[in-house]
Amino acid sequence: MIYLDNAATTKVFDCAVSAAVKSMTEGFFNPNATYKQAVATKRELENSRRAIADIIGVRDRELFFTSCATESNNWVFDSVKNRRGNIVISAGEHSSVYEPAMALKNKGADVRIVPLTDKGIVDETELERIVDGETTLVSIIHVSNETGTVNPIKHLSDIVKRKAPRALIHSDGVQGFIKTRTSVSALGVDMYSASAHKIGAPKGIGLLYVKDGKISPMLNGGGQENGKRSGTQNTPYIAAFAAAVKHYASFDFSRIKALRDKLAIYFSEHGCTVIGGENSGFILCVYVPGIKAEILQNAACERGVIVGKGSACSGSKRGNRVLSAMGMPQDKTECCIRLSLSVDTDDADAMKAAEILIDSANRIRSENV
Ligand code: PLP
């Protein structure tokens, strides 16, 4: 099998498995108890938090562990639900941002959506026009899960701060976390979400960075996570998360970026169109003329190649909300596949997968003539 759907989820690294198993079997104590074994478990937990915080350039007390990035994103919207003023999101958001924003809108909030350019980045002129002195929250995705396009978050947050000095700025960093190598504090955001299973750790653990740690609690109870997110911490997965972050960050991403470029050239040379603008290097969204993504995905899967099709989380039954926001007609959005790479993706495997995809597309076309 050649697996190229790493933006959906990744295989768990051996180091992350070992860290989780060690925590489950040796350090399984409740980190909030007071005997010495529990204190050691708590120390491990805090070491994990510190290791992640150091790598992304923030303070450990600004990181809160959650169950997933969907929870982190929902927390952001929950935390502003009682604030006055308008909320601004981009048209390129993942459904875990888009839907909480729409839920607030349905309850009467003034929610504004900034359009995307045809390259898939936030239209900064429109952002400047839409944000005003009453804006309370702006949420802009860091790297698009559909196209891999990178939003210039620092630049956009500077625009927001000029127009709305009191607004909180959040970025959904799930596809940019570690992979863009940017220090989160350098992005100029107040909040940043990430998910472990996109970088070689298990599903079911995520985090929310909150500048200065100031946010209303997500869950009330025993006061864990500095009183902000009660519930006994998932210590095995937190250990795995930290191990995966360290491992991922140790790679030189230039090989993956070059591979992504090589794949982009290959598809372009074979009649396909590469979608999006400046790319993180990990995601390639390709329009394959006349072939429904689902049909191509199934045909490739039969031949051992697994790729994504963008619309899985895009919130619409047909087509793709984000690609449509880039001005793509619906019938075209249904013909886009997504190849996503990880640090362990092999060059030869990926090129072989591209050949199989093009060959499968040609076969489907000839069968339909
Ligand atoms: N945000 C983006 C950009 C994503 O790609 C995903 C997952 O695909 C999520 C949020 C949700 O992450 P999780 O699965 O941890 O809830």
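**Helix packing and the ligand shell**

Visitor: How do α9 and α12 cross?
Guide: Helix α9 (residues 293-302) and α12 have axes that come within 9 Å, and the crossing is at roughly 120°. This is a predicted model.

Visitor: Ok, what do you call that arrangement?
Guide: Angles of 65 to 115 degrees would count as roughly perpendicular. The two helices, α9 and α12, are therefore oblique to each other.

Visitor: Left-handed or right-handed, when α9 passes α12?
Guide: Right-handed.

Visitor: And α8 with α12, what angle there?
Guide: About 20°, with the axes of helix α8 (residues 254-269) and helix α12 (residues 347-368) 10 Å apart. The cut-off for roughly parallel is under 35 degrees, so α8 is roughly parallel to α12. The α8 and α12 crossing is right-handed.

Visitor: Switching to the ligand. Which residues come nearest?
Guide: The ligand has 14 residues around it, and those that come nearest are Thr-70, Asp-172, Gln-175, Ser-195 and Lys-198.

Visitor: How does the shell split by class?
Guide: Eight residues are polar, four are nonpolar and two are charged.

Visitor: Which helix gives the largest share of that shell?
Guide: Helix α3 (residues 69-79), with three residues.

Visitor: What does Thr-70 do at the ligand, in distance terms?
Guide: One of its polar side-chain atoms lies 2.6 Å from an oxygen atom of the ligand. For Ala-69 the atom concerned is a polar backbone atom, and it is 2.9 Å from a ligand oxygen.

Visitor: Where does Asp-172 come in?
Guide: An N or O atom in the Asp-172 side chain is 2.6 Å from a nitrogen atom of the ligand.

Visitor: How much of the ligand surface does the protein bury?
Guide: The protein buries 89% of the 400 Å² that the ligand exposes when taken alone.

Visitor: Back to α3. How does it sit against α4?
Guide: The axes of α3 and helix α4 (residues 95-106) cross at roughly 30° and come within 9 Å. That makes α3 roughly parallel to α4.

Visitor: Which hand is that one?
Guide: α3 passes α4 in a right-handed crossing.

How values were computed: Residues are numbered from 1 along each chain as its sequence is written. This is a predicted model: local features need pLDDT of at least 70, side-chain atom pairs count only at pLDDT 80 or more; totals for chains, interfaces and linings use all residues. Side-chain values use heavy atoms; hydrogens and water are left out. A residue is near a molecule or strand if one of its heavy atoms lies within 4 Å of it. A polar contact is a pair of N or O atoms within 3.5 Å; within protein, one must be able to donate a hydrogen and the other to accept it, and residues adjacent in sequence count only if both atoms are side-chain atoms. Accessible areas come from the Shrake-Rupley method with a 1.4 Å probe; for residues, only the protein chains shown count as cover. Helices (H or I, at least four residues) and strands (E, at least two) are DSSP runs, numbered from the N terminus. Ala, Val, Leu, Ile, Met, Phe, Trp, Tyr, Cys and Pro count as nonpolar, Asp, Glu, Lys and Arg as charged, and the others, Gly among them, as polar. Axes are lines fitted to C-alpha atoms, for helices over the stretch in contact, and angles run from 0 to 180 degrees between N-to-C directions. Angles under 35 degrees count as roughly parallel, over 145 as roughly antiparallel, 65 to 115 as roughly perpendicular and the rest as oblique. A crossing is left-handed if the near helix is turned anticlockwise from the far one by less than a right angle, and right-handed if clockwise.
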